[in-house]
Each structure stands twice: as structure tokens, then as C-alpha cells.
Amino acid sequence: MPGVDDVFFALADPTRREVLRFVARRPDITASRLAGELPITRQAVAKHLAALQRAGLVESHREGRETRYTITPAPLVDAMSWMADVGAAWDRRLA
């Protein structure tokens, strides 16, 4: 099961963040459709989607001959919770 480190690693790349934004705005989008809207190749999109999938940020499902991608928000919630905990610890130290 992916963890917070996997999420931060996946989100460290600006292209992956852009791919994730597109998937969030357009559920069930295909890699080909993403490649048509981004300035990168379909092969590059597929690699970024694979990294996001390993981090648990997107999931894929087959529909006929196409693979469609949707966002999986739970890992983002976990990462935001971790950041909130760290921020709260710093607030207590600075108070």
C-alpha cells in the first residue's frame, strides 16, 4: 500500500501534477486524450500515469479497448493530514 512518501515523490514532478489536475477535472480520461491536451507524448503520459498509480493517486479501469483513469483522493487526504500535523507541531514550538 502506497504511503505519504510515495505521494510526495509522485507530486514532486510538475508534469505529474499537471496530469493529476487533468484527471481530477475529467474523470475517466484516457492517456491518449491526455496526450492530446498536454505538450508531451502519449508514452510520457503513460509513464506519468504509472507513477501516479503506484502512489495510489489514480486508478485505471478498462472500457473496451481503452484504459480510463480516475483520481483517488485518499492518498492526498493522508498527505494533507501529515502536513497539518507537522504545521501544528511547528506552531506549538513557535508559540
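The legends below describe a predicted model, beginning with the whole chain and moving on to close-up views. Local features are given at pLDDT of at least 70 and side-chain atom pairs only at pLDDT 80 or more, whereas totals for chains, interfaces and linings use all residues. Residues are numbered from 1 along each chain as its sequence is written, and side-chain values use heavy atoms, with hydrogens and water left out.

**Figure 1. Overview of the protein chain, with its 5 helices and 3 strands.** Helices (H or I, at least four residues) and strands (E, at least two) are DSSP runs, numbered from the N terminus. Along the sequence these elements follow the pattern α-α-β-α-α-β-β-α, and the C-alpha atoms fill a box of roughly 55 × 25 × 20 Å, taken along the principal axes. Of the 95 residues, 31% are buried, where buried means under 20% relative accessible area, exposed over 50%, and partly exposed in between (1.4 Å probe, protein chains only). Among contacts (heavy atoms within 4.5 Å) between residues at least 6 apart in sequence, 51% join residues at least 24 apart.

**Figure 2. Helix H1 (residues 4–11) packed against helix H5 (residues 74–94).** The two helices meet at an angle of about 100 degrees, with their axes 9 Å apart; axes are lines fitted to C-alpha atoms, for helices over the stretch in contact, and angles run from 0 to 180 degrees between N-to-C directions. H1 and H5 are therefore roughly perpendicular to each other, on a scale in which angles under 35 degrees count as roughly parallel, over 145 as roughly antiparallel, 65 to 115 as roughly perpendicular and the rest as oblique. H1 contributes Val 4, Val 7, Phe 8 and Leu 11 to the contact, and H5 contributes Pro 75, Leu 76, Asp 78, Ala 79, Trp 82 and Met 83. Sorted by class, the contact of H1 with H5 has 9 nonpolar, no polar and 1 charged residues; Ala, Val, Leu, Ile, Met, Phe, Trp, Tyr, Cys and Pro count as nonpolar, Asp, Glu, Lys and Arg as charged, and the others, Gly among them, as polar.

**Figure 3. The buried and exposed faces of helix H1.** Val 7, Ala 10 and Leu 11 are buried in H1. Seen down the axis of H1, these buried residues fall within an arc of 90 degrees, so they line one face of the helix; the arc is that of the directions from the helix axis to the C-beta atoms. What covers the buried residues of H1 includes H2, helix H4 (42–54) and H5, while the face turned away from the buried side carries the exposed residues Asp 5 and Phe 9.

Figure 4. Val 19 of helix H2 counts as buried, at 0% relative accessibility. Leaving aside neighbours within four places in sequence, Val 19 is in contact with Leu 34, Leu 38, His 48, Leu 49 and Leu 52. The C-alpha atoms of Val 19 and Val 45, which are 26 residues apart along the chain, are separated by 7.6 Å.

**Figure 5. The open sheet of 3 strands, in the order E1-E3-E2.** The pairing is antiparallel, where two strands pair if DSSP finds at least two bridges between them. E1 and strand E2 (58–63) stand at the edges, each with a single partner strand, so one side of each is left without a neighbour in the sheet. E2 is joined to strand E3 (residues 66–71) by 6 bridges, and E1 pairs with E3 over 2 bridges. Ser 60 stands opposite Tyr 69 in E3, Tyr 69 is also the bridge partner of Ile 29, and Arg 68 in E3 is the bridge partner of His 61. H2 lies across E1, E2 and E3, running at about 95 degrees to E3.

**Figure 6. Positive phi values at Asp 28 and Gly 64.** Asp 28 lies in the loop between helix H2 (14–25) and strand E1 (29–30), and has a positive phi of about 70 degrees although it is not a glycine. Most residues other than glycine have a negative phi. At 30% relative accessibility, Asp 28 counts as partly exposed. E2 and E3 form a hairpin with 2 residues between them, and Gly 64 in the turn has a positive phi of about 65 degrees.
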